[in-house]
Amino acid sequence: MEAQEYNYIRRELLNLVGVDLSAYRSQQVQRRLATFLLRSGHPNWPSFFRTVRDDPASIRKLKDYLTINVSAFFRDPEKYEHFKDTILPELLHDCATLNVWSAGCSYGQEPYSLAITLSEINGSSHPHHILATDFDQHALEHARSGGPYSAEEVANVPAVLLKRYFTSLPNGYQVKEDLQRQITFRQHNLLEDPIDDDLDLIVCRNVVIYFTAEIKSQLYRRFHDALRPGGVLFVGGTEIISEAADIALTPAGISFYPRRAD
Ligand SMILES: C[S@@+](CC[C@H](N)C(=O)[O-])C[C@H]1O[C@@H](n2cnc3c(N)ncnc32)[C@H](O)[C@@H]1O
């Protein structure tokens, strides 16, 4: 794609939906843009952007396609096992009530998986604070109302937990209200908005993989600063923080990075 054409698309997207593509890996974005245009049936980008005036849903489709909302309950189940058996007991040893942030929570599968894991460990005796954020308002609304989720999305949820925390509907599964109430959902742009501090656990999985190396690195530093010493960053199954040592994050098994005690 010509630089001029890419700049034009970036400007349009920034104006129309507030997404700044310059923070995202350009090769990957350009590949997805080309596929999107092909499937849309438009001969070129000016033709696509002209339709936005009459069909605002088309720009939302493009944004969804670029930011990729794919998620699942207990994504990478072995990581959640390690979290439950090793990481969580240590966190709870330091502090009975945890401050948890699911950053880039998509349709809610991730924060609900965390809430289920926490509830299974110590019930409601210590209500934890779980904040779940995403910049996608549409995904957040779905998350806030507890679904429904497809059979595919809940495939990793053990049958006993599915029965305990979900209501079965003709079109899928709905999270029960008790669990919904344990989570605060809020819109938040990781590239712009301030981050809370003194957090025990930050879960940011399969989100920063779309960002440039520089933005990724800045975010990891901000995550470090937002964790309390001993607090843990939980990243995606294929994500490795190469500069972890420089920013005082110590790998603890694949996918987990505790902040070094000061
Ligand atoms: C692939 S999903 C990951 C969902 C979940 N964390 C998981 O691992 O299953 C990526 C999510 O990141 C969100 N996202 C992308 N850029 C973002 C940004 N700048 N600020 C906040 N969320 C963002 C997208 O809207 C999407 O919901």
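The legends below describe close-up views of a predicted model.

Residue numbers start at 1 in each chain and follow the sequence as written. Because the model is predicted, local features need pLDDT of at least 70 and side-chain atom pairs count only at pLDDT 80 or more, while totals for chains, interfaces and linings use all residues.

View 1. Six strands form an open sheet in the order 5-2-1-6-7-8, with mixed pairing. Strand 5 (183–187) and strand 8 (256–258) are the edge strands; each has a single partner strand, so one side of each is left without a neighbour in the sheet. From one strand to the next the twist averages 20°. Strands (E, at least two residues) and helices (H or I, at least four residues) are DSSP runs, numbered from the N terminus. Two strands pair if DSSP finds at least two bridges between them. Axes are lines fitted to C-alpha atoms, for helices over the stretch in contact, and angles run from 0 to 180 degrees between N-to-C directions.

**View 2. Strands 1 and 2, with helix 7 on the sheet.** Strand 1 (residues 99–103) and strand 2 (residues 129–134) run parallel and are joined by five bridges. His129 in strand 2 is the bridge partner of Asn99. Helix 7 (residues 137–144) packs on the sheet, where it touches strand 2 and strand 5, and its direction makes about 165° with that of strand 5. Contact between two residues requires their C-beta atoms, placed from the backbone, to lie within 7 Å.

View 3. Ala139, Leu140 and Ala143 are the buried residues of helix 7. Seen down the helix axis, these buried residues fall within an arc of 100°, so they line one face of helix 7. The arc is that of the directions from the helix axis to the C-beta atoms. Strand 2 and strand 5 are among the elements that cover the buried residues of helix 7. Gln137 and Glu141 are exposed on the other side of the helix. A residue is buried if 20 or more other C-beta atoms lie within 10 Å of its own, exposed if 12 or fewer, and partly exposed in between, with C-beta atoms placed from the backbone. Gly146, with a positive phi near 75°, follows helix 7.

**View 4. The loop between helix 7 and helix 8.** Pro148 lies in the loop between helix 7 and helix 8 (159–165). The peptide bond joining Gly147 and Pro148 is cis, with omega about 5°. Tyr149 is found in this loop between helix 7 and helix 8 as well. Tyr149 counts as buried because it has 24 C-beta neighbours inside 10 Å. Leaving aside residues up to four places away in sequence, Tyr149 touches Gln109, Val154, Gly172 and Tyr173. Tyr149 and Gln174 are 25 residues apart in sequence, and their C-alpha atoms are 6.4 Å apart.

**View 5. The hairpin of strands 3 and 4.** Strand 3 (residues 166–169) pairs with strand 4 (residues 172–175) in the antiparallel sense over four bridges. A hairpin of two residues joins strand 3 to strand 4. Phe166 stands opposite Val175 of strand 4.

**View 6. Helix 5 and Val232 in strand 7.** Helix 5 (residues 77–94) lies across strand 6 (199–204), strand 7 (227–235) and strand 8, and runs at about 160° to strand 7. Val232 is found in strand 7. With 25 C-beta neighbours inside 10 Å, Val232 counts as buried. Not counting residues up to four places away in sequence, Val232 touches Ile87, Leu91, Leu201, Phe256, Tyr257 and Pro258.

View 7. The ligand has 21 residues around it, of which Ser71, Gly104, Ser106, Arg205 and Asn206 come nearest. A residue is near a molecule if its C-beta atom, placed from the backbone, lies within 6 Å of it. The shell around the ligand has eight nonpolar, eight polar and five charged residues. Ala, Val, Leu, Ile, Met, Phe, Trp, Tyr, Cys and Pro count as nonpolar, Asp, Glu, Lys and Arg as charged, and the others, Gly among them, as polar. Asn206 is found in the loop between strand 6 and helix 10 (213–226), and its phi is positive, about 60°, although it is not a glycine. Asn206 counts as partly exposed because it has 19 C-beta neighbours inside 10 Å. Asp198, in the loop between strand 5 and strand 6, has a positive phi near 60°. With 9 C-beta neighbours inside 10 Å, Asp198 counts as exposed. Most residues other than glycine have a negative phi.
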